[in-house]
Amino acid sequence: MKDAWSADEVRKAEEPLIAAGEPLMARAAYALAQAVLREVAARPVGGHPTRRRAVRPSGVRLRGSLGSDGLPGTARVRPGRSAGTRGDVRGARALLLVGPGNNGGDTLFAGVHLARRGMTVTAVLASSRVHDEGLAAFEAAGGHVVKLADARVPSVVQSARMSDVLLDGLVGVGARGALRPPAGGLVRALADAREAAGERWPYTVAVDIPSGIGVDDGVVGGPVLPADRTVTFGALKPGLLLPPAALIAGEIELVDVGFPTPSGSDQWASAAQRVALGRHSMGSTDIGSGRVQRMEPGDVAALWPTPGARDHKYTRGVVGVIAGTSTYPGAAVLATSGAVRAGAGMVRYLGPEAVGTRVLLARPEVVVAGGRVQAWVLGPGVTPFDPEEGPDADGQARRIFGALAAVTGVLSEDVTGGKMPAVIDAGALTMLEHRLPAWAVLTPHAGELAELLQGLGHEVDRADVEARPLHWVRTAHQATGATVLLKGAITVVAGPGAAYAQADAPAWTATAGAGDVLAGILGTLLAGRSAEVVQDETLAARLAAAAVLVHGRAAARASAGGPVAALEIAHAVPAVLAELLSD
Ligand SMILES: NC(=O)C1=CN([C@@H]2O[C@H](COP(=O)(O)OP(=O)(O)OC[C@H]3O[C@@H](n4cnc5c(N)ncnc54)[C@H](O)[C@@H]3O)[C@@H](O)[C@H]2O)[C@@H](O)CC1
Ligand SMILES: [K+]
């Protein structure tokens with residue numbers, strides 16, 4: 001499991017270490033410098049290993065000479081190393097963006113290592129005050145210093161363009177909100193230049209985080225310079241796992257600076273507190289707090305129910321699927337295929353006869369009849385419920401309302417029954433009338449989540465959900481009681497006391513029907529551990545994250561780098577599971 005710590009948790013962890021005299025900054029700076037040196041040394045002379053520059057002018061290098069604005073003379077000094085071989089970093093150029101705090105300190109000390117190795121290093125100080133010792137050491141090592149206040153932003157941008165590597169050390173975990181001027185203006189100009197430059201941009205390394213992202217929530221509320229690599233210290237930060245920030249953080253390198261291993265989850269138990277369903281019922285103080293995790297293959301293997309010699313189809317779990325209509329029959333095929341391929345003991349299908357026939361043609365092992373079920377998959381391919389339109393022609397809404405009663409165990413005013421986990425997708429998301437238990441997993445995409453939240457009294461649209469996914473997923477979890485899984489390039493899951501951000505699927509997975517397959521896979525997982533899921537309110541979120549990982553890996557396998565059809569994702573699931581379970 002990858003565990004991301006909030007900025008507060010990082011501070012709490014570092015305090016005793018700093019008090020004990022542990023050289024955290026020295027460790028961070030050394031590791032940062034090593035990451036830069038590795039990259040620069042791997043570059044063929046005159047080009048980036050993966051983003052080779054199209055034109056690399058040769059010319060006279062006046063190493064270290066400065067122009068009138070204090071920046072390396074861009075007219076006189078040509079980019080790249082004019083001499084040396086692969087592995088030799090001498091003469092390579094680094095531009096450091098240095099902010100006022102310890103993030104800038106890390107960057108200056110890293111600059112010391114780079115300068116000592118013969119690189120030409122220039123620090124642009126974005127603030128009037130910077131880390132004193134770092135600055136003194138940097139100057140002593142021969143680093144050049146430019147104050148942003150004395151330089152023009154276009155000259156800094158030009159200097160960046162001519163560098164081999166760019167270090168973003170403006171703010172780290174001490175950041176509050178979007179980047180303010182002048183750092184914000186500089187980063188906006190650099191981000192624009194990077195966009196325009198395409199491949200011809202220096203390798204960009206974010207120090208601890210890309211400056212300007214929300215450390216705890218991954219929000220990108222202002223200018224941020226996308227990084228090729230983020231070298232982060234002590235622990236991952238939620239913003240490095242969560243969209244949209246995670247999509248611009250590049251490769252993440254975690255540096256051990258001596259933090260203790262992650263403690264238990266007791267400290268954030270408050271996030272598990274649930275409040276009554278209602279328009280203004282959310283405890284907003286809980287939102288945004290807590291740890292974010294990313295499940296890894298080993299975690300999934302430990303969670304996946306595997307059959308033993310004494311198991312039979314009922315002990316392994318029966319999934320009931322209510323999906324598809326005569327207009328959208330394919331969703332029924334995809335959801336049942338996902339469930340079958342994920343290893344359900346049995347899959348039942350309930351729906352219009354014509355759709356059931358199609359399901360049987362694709363998957364003869366599906367039982368098209370009612371009966372015992374241990375988890376439901378409700379809603380793929382079912383149209384949103386509109387009470388004014390009267391009873392639905394296919395009867396799917398009626399069936400789903402019935403199944404939803406079994407999920408909560410409240411069958412009627414005076415009759416209660418067994419409680420059952422469920423995946424609630426697509427059309428079924430419009431049929432929620434009561435507060436739900438955590439073993440009900442809602443699986444909306446961003447547009448559906450926005451509509452659900454609007455129904456709960458929030459003014460939010462799809463773009464808002466995409467801009468602050470963790471916030472809105474947590475809000476929906478707290479408002480409905482259900483575990484919420486927001487589908488996307490990075491899928492975010494929130495349940496009692498926990499949040500997961502899974503980035504397992506290739507971009508090709510964004511294709512019609514992929515979500516129906518996911519619903520089926522998750523249905524099988526919930527059915528396989530049905531009794532435990534209703535006992536342990538944290539289990540549904542873990543199983544949801546596990547299903548996302550398996551689905552994403554199956555999509556990657558089916559895609560093999562090219563387009564993928566949803567049904568092929570389902571077909572790839574057994575091989576993915578076999579691999580995960582054998583490791
Ligand atoms: N946690 C760890 O183990 C370690 C942390 N270290 C570094 O220390 C950093 C944290 O240092 P600090 O607490 O000094 O904080 P930062 O360096 O992250 O920045 C705080 C400073 O930035 C300014 N600032 C905050 N928000 C801003 C905004 N939106 N726009 C412009 N300026 C803004 C503040 O005025 C403050 O002066 C970490 O990110 C990391 O780089 C390392 O030195 C060593 C190890
Ligand atoms: K930074």
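D168 lies in strand β5 (residues 165–169), strands (E, at least two residues) and helices (H or I, at least four) being DSSP runs numbered from the N terminus. The structure is a predicted model, in which local features need pLDDT of at least 70 and side-chain atom pairs count only at pLDDT 80 or more, whereas totals for chains, interfaces and linings use all residues. Residues are numbered from 1 along each chain as its sequence is written, and chains are lettered from A and ligands numbered from 1 in the order in which they are written.

D168 is buried, with 30 other C-beta atoms within 10 Å; a residue is buried if 20 or more such atoms, placed from the backbone, lie within 10 Å of its own. Beyond its neighbours within four places in sequence, the contacts of D168 (C-beta atoms, placed from the backbone, within 7 Å) include L97, T204 and S211.

The UniProt record, an unreviewed entry, places the feature "binding site" at N103, D168 and S211. These positions are spread over 109 residues of sequence, yet they cluster in space, with a largest C-alpha distance of 9.5 Å. Such annotations may be inferred rather than shown by experiment. N103 belongs to helix α3 and is buried, with 26 other C-beta atoms within 10 Å.

Ligand 1 is surrounded by 29 residues, of which G101, N102, N103, G172 and G174 are the closest; a residue is near a molecule if its C-beta atom, placed from the backbone, lies within 6 Å of it. Helix α3 supplies the largest share of this shell, 5 residues.

Terms used: Buried ≥ 20, exposed ≤ 12 C-beta atoms within 10 Å, placed from the backbone. Contact = placed C-beta atoms within 7 Å.
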